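I'd like to talk about the fold and then the pockets.

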Amino acid sequence: NTPKSLYEALIEKQAKLIVTYGEFMGPGGENHIRINLGTSRSVLESGMRRLLAALVPHTGRAFDEGAL
């Protein structure tokens, strides 16, 4: 498993997003994040692109923005 500190660095520093980490949502929330979708579609799409660009390379796969 990837340590939470690495995810925090990737999500907050690289993707420049603020999320709620799952352990604050109660038992079973560990290793999950909560994303607020209450924004415009363009802001949401931009954030999701940044999130995927930051996380996908750590899966051993290539990030293809054209696939979105």
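So, reading along the sequence, you get an α-β-β-α pattern, with two helices and two strands in the chain. Those are DSSP runs numbered from the N terminus: H or I, at least four residues, for helices, and E, at least two, for strands.

Quick caveats: this is a predicted model, where local features need pLDDT of at least 70 and side-chain atom pairs count only at pLDDT 80 or more, while totals for chains, interfaces and linings use all residues. Residues are numbered from 1 along each chain as its sequence is written, and side-chain values use heavy atoms, leaving out hydrogens and water.

The C-alpha trace spans about 35 × 30 × 20 Å along its principal axes. Of the 68 residues, 18% are buried, meaning under 20% relative accessible area with a 1.4 Å probe, protein chains only.

How much space lies in the largest pocket? About 220 Å³. A pocket here is an open set of points on a 1 Å grid over the protein atoms alone, where a 1.4 Å probe fits, with protein on both sides within 12 Å along at least five of seven lines; lining residues have an atom within 4 Å of a point. Volume is the space filled by probe spheres set on the points, joined across faces, edges and corners.

Twelve residues line that largest pocket, and Tyr-7, Tyr-21, Asn-31, His-32 and Ile-33 lie nearest its centre. Helix H1, residues 4–14, gives the most to the lining, with three residues.

The second largest pocket has about 170 Å³, and its lining includes Lys-16, Ile-35 and Arg-50.

Note on methods: Buried means under 20% relative accessible area, exposed over 50%, partly exposed in between (1.4 Å probe, protein chains only).
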